[in-house]
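Have the sequence and the 3D view ready.

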Amino acid sequence: MNVGDGKTFTIRAKNNSKENIYVQSAKLNGKPYPKSYLLYQDIVKGGMLELEMGSEPSAWGTQIKNRP
């Protein structure tokens with residue numbers, strides 16, 4: 001997705017399938033990302049969000065500090 005100023009923001013879901021609908025972990029620009037939400041300023045900077053998907057719910061993003 002083009003976010004302006006020639007920057008793009010890409011979301012990749014690894015192992016995504018009909019069965020693998022749960023986020024297991026996430027990385028934002030190569031660094032672990034524990035939050036279950038994105039900030040506007042992170043998107044407009046450009047970069048990549050990588051989601052690792054799985055068939056079972058995980059603890060990713062469930063801590064109070066990682067929820068909106």
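D42 touches F9, L28 and Y33, leaving aside residues up to four places away in sequence. Keep in mind that this is a predicted model. Where does D42 lie? You'll find D42 in helix α1, which covers residues 40–44. Is D42 buried or exposed? D42 has a relative accessible area of 16%, and the cut-off for buried is under 20%, so D42 counts as buried.

Now go to L28. With residues up to four places away in sequence again left out, L28 touches F9, Y33, D42, M48 and L49. Here are the two contact lists side by side:

| Residue | Residues touched, not counting those up to four places away in sequence |
|---|---|
| D42 | F9, L28, Y33 |
| L28 | F9, Y33, D42, M48, L49 |

Which residues make up the largest nonpolar core? There are seven of them: F9, A26, L28, Y33, L49, L51 and M53. Two elements, β3 (22–28) and β5 (47–54), each give two or more residues to this core. β5 gives the most, with three residues.

Next, the strands. Five of them form an open sheet with mixed pairing, and their order is β1-β2-β5-β3-β4. At the edges sit β1 (2–4) and β4 (31–32), each pairing on one side only. How do β1 and β2 run? They run antiparallel, and two bridges join β1 to β2, the strand of residues 7–14. To see a facing pair, find N2, which stands opposite T8 in β2.

How values were computed. Residues are numbered from 1 along each chain as its sequence is written. This is a predicted model: local features need pLDDT of at least 70, side-chain atom pairs count only at pLDDT 80 or more; totals for chains, interfaces and linings use all residues. Side-chain values use heavy atoms; hydrogens and water are left out. A nonpolar core is a set of buried Ala, Val, Leu, Ile, Met, Phe, Trp, Tyr and Cys residues joined through side-chain atoms within 4.5 Å. Buried means under 20% relative accessible area, exposed over 50%, partly exposed in between (1.4 Å probe, protein chains only). Helices (H or I, at least four residues) and strands (E, at least two) are DSSP runs, numbered from the N terminus. Contact means heavy atoms within 4.5 Å. Two strands pair if DSSP finds at least two bridges between them.
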